[in-house]
Amino acid sequence: MTAPTLELLPAVDVRDGQAVRLVHGVSGSETSYGSPLDAALAWQRSGAEWLHLVDLDAAFGTGDNRALVAEITRAMDIKVELSGGIRDDATLAAALATGCTRVNLGTAALETPEWAAKAIAEHGDRIAIGLDVRGTTLKGRGWTSEGGDLYETLARLDSEGCARYVVTDIGKDGTLTGPNLELLKNVCAATDRPVVASGGISSLDDLRALSELVPLGVEGAIVGKALYAKAFTLEEALKVVSA
Ligand SMILES: O=C(O)c1ccccc1N[C@@H]1O[C@H](COP(=O)(O)O)[C@@H](O)[C@H]1O
């Protein structure tokens, strides 16, 4: 049997109808990259098996791009991980109805834990929890509110049957300074669930370093700024992780 390889999830973050990248997730720091549908289709053409699609306005509470992200999701032949502003029955039902493979819950897991536990119990593998951290403190509401301790929350979510975590180091996100490998190792040591790494990837060497964490539980990596800044191409990245 062949060893599992790191899954790559190119990111399309949508703000005010545009594909953008933020620095440290700070509202107002965005650089615009044009049509999010064009960006998503370009990643698909380049061989992506996953798309990480974020409605940033819904995450920040500055409106939403729900119709657009639903249209993008439906246009994809590849798996889509959808996130941003999925916090109640209506937004969860609408997100799942797009046909996405899974959704990420962030704020909801911190502010309405009973509801998040119910979503996990009902939808299993279609729910991932986004753990957006600064140090070991979780952040919600577009990374502006504090949501408790990473490891306490992880233990609670494990006991509730959470299938997977998407771990973002806010201090690294959008900075091209390399992923926080220590954080990822620590999270993998604290849970037996797969972990998707997010934040800071800047080079093919970063992908090689993350690939070495696959045996520890790192299943995938979200790549954003590095692709838009053309630090490497998605084709090159896919070749590195499949080697
Ligand atoms: O992805 C980002 O750059 C980002 C920046 C600032 C806030 C949120 C961001 N993304 C993702 O949004 C969801 C959380 O949304 P919610 O809290 O459930 O509404 C999560 O996947 C974040 O990583």
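Visitor: What makes strand 1 and strand 2 (residues 18-21) a pair, and in which sense do they run?

Guide: Strands pair if DSSP finds at least two bridges between them; strand 1 and strand 2 have 3 bridges, in the antiparallel sense, so they qualify. A strand here is a DSSP run of E with at least two residues, numbered from the N terminus. This is a predicted model, where local features need pLDDT of at least 70, side-chain atom pairs count only at pLDDT 80 or more, and totals for chains, interfaces and linings use all residues. Residues are numbered from 1 along each chain as its sequence is written, and side-chain values use heavy atoms, leaving out hydrogens and water.

Visitor: What lies between strand 1 and strand 2?

Guide: The two form a hairpin with 2 residues between them, and Asp 16 in the turn has a positive phi of about 50 degrees. Arg 15 stands opposite Gln 18.

Visitor: Which strands run parallel to strand 1?

Guide: Strand 12 (residues 218-223) does, through 4 bridges, with Glu 7 opposite Gly 220. Strand 4 (residues 50-55) is also joined to strand 1 by 4 bridges in parallel, and there Val 12 has Leu 53 as its bridge partner.

Visitor: Why is strand 1 called largely enclosed?

Guide: Buried means under 20% relative accessible area (exposed is over 50%, partly exposed in between; 1.4 Å probe, protein chains only). Of the 9 residues in strand 1 (residues 7-15), 8 are buried, so the rest of the structure largely encloses this strand.

Visitor: How do you know what Leu 207 touches?

Guide: Contact means heavy atoms within 4.5 Å. Leaving aside neighbours within four places in sequence, Leu 207 is in contact with residues including Leu 6, Phe 232 and Val 241.
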